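This report is for a reader meeting the structure for the first time.

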Amino acid sequence: MKILYFDTTQDWIHVLVGSNDGFSKMKIHAQIMETSPKEASYRLVEMIQKVLTQAQIKKPDVIFVPNGPGSFTGIRITVTTARDLGQLWEIPVMGFDTAHVYLIGLQNNNSQIEFQNPNQYTYQKSIICLDGKQGKYYTKFFDGVSFSETKDQTPEEIRLWLETEKMTPNNWYYTGILPSFYPKDAIKIEATNLNLSSILQYSFEQMKQSKLNDYTYLTLLPNYIRGTYVDQK
């Protein structure tokens, strides 16, 4: 199965083409990873065409994308492009929580653990805070077994949430400005420190548990979380 993945929900553009025969590990045929804030609106389609050409693929069998939370404009570009291509090519499109797949990619990249089964996590407890502007963050916590829901919180709300639930992260990840309660050695997420192969493999495993024909371009919706969000980039 040929898979197209792209992401513009943060301050970067990720585009890659991979394949999986349903049993072996994910194979990446071509990819582009760039820090390109505010350029996705006119560069994304060109970059998709480029990776498809490099991979010698006319069209994929399915599209995977993070559909938020993140930049309002970035989410809109990712989701709209995926819907348009899904309709044009008449192929399924699937969206995944951005914070969730980033934790998958970050854990694999930093621990060097090969991702195999999404139901068999051996990773450390981790928290991710994606800059949501307006003094808030989109947060998700992984306790070593399961993921929390993604929340829209102020730094104080996050701190109290961790204390109340007795959450003690080993890994602290963030985008934007370092949250005030974070340790100074926390890891700032950059365009190049996400393991896209692991994200693709995770998405593929989730797809196998779904009825793929149900995921048309009409089912892909943006995950803004914040209904009154105003993009301040």
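## Basis

Helices (H or I, at least four residues) and strands (E, at least two) are DSSP runs, numbered from the N terminus. The model is predicted, so local features need pLDDT of at least 70 and side-chain atom pairs count only at pLDDT 80 or more, while totals for chains, interfaces and linings use all residues. Residues are numbered from 1 along each chain as its sequence is written, and side-chain values use heavy atoms, with hydrogens and water left out.

## Loops and backbone

Gln-56 lies in the loop between H1 and S4. Its phi is near 60 degrees, a positive value in a residue other than glycine. Gln-56 is exposed, because its relative accessibility is 73% (buried means under 20% relative accessible area, exposed over 50%, partly exposed in between, with a 1.4 Å probe and protein chains only).

In the loop between S6 and S7 is Gln-134, with a positive phi near 55 degrees. Gln-134 has a relative accessible area of 37% and is therefore partly exposed. The loop between S4 and H2 holds Pro-69, and the peptide bond from Gly-68 to Pro-69 is cis, with omega near 10 degrees. Most residues other than glycine have a negative phi, and most peptide bonds are trans.

## Nonpolar cores

A nonpolar core is a set of buried Ala, Val, Leu, Ile, Met, Phe, Trp, Tyr and Cys residues joined through side-chain atoms within 4.5 Å. The largest such core has 31 residues, of which Phe-64, Tyr-102, Ile-128 and Ile-189 touch the most other members. Elements giving two or more residues to this core include strand S1 (2-7), helix H3 (98-111) and helix H5 (196-208). Another core, of 26 residues, lies apart from it and has Ile-32, Leu-52, Ile-63 and Ala-82 among its members.

## Helix H2

Helix H2 (residues 72-89) has 18 residues and reaches 26 Å from its first C-alpha to its last. Among its buried residues are Ile-75, Leu-85 and Trp-89. Just after H2, Glu-90 takes a positive phi of about 55 degrees.

## Strand S9

Asn-171 lies in strand S9 (residues 171-174) and is buried, because its relative accessible area is 15%. Its side chain makes a polar contact with the side chain of Gln-124 (3.4 Å). Such a contact is a pair of N or O atoms within 3.5 Å; within protein, one must be able to donate a hydrogen and the other to accept it, and residues adjacent in sequence count only if both atoms are side-chain atoms.

Tyr-173 also lies in S9 and counts as buried, because its relative accessibility is 1%.

Definitions and conventions: The expected span of a helix is 1.5 Å times one less than its number of residues.
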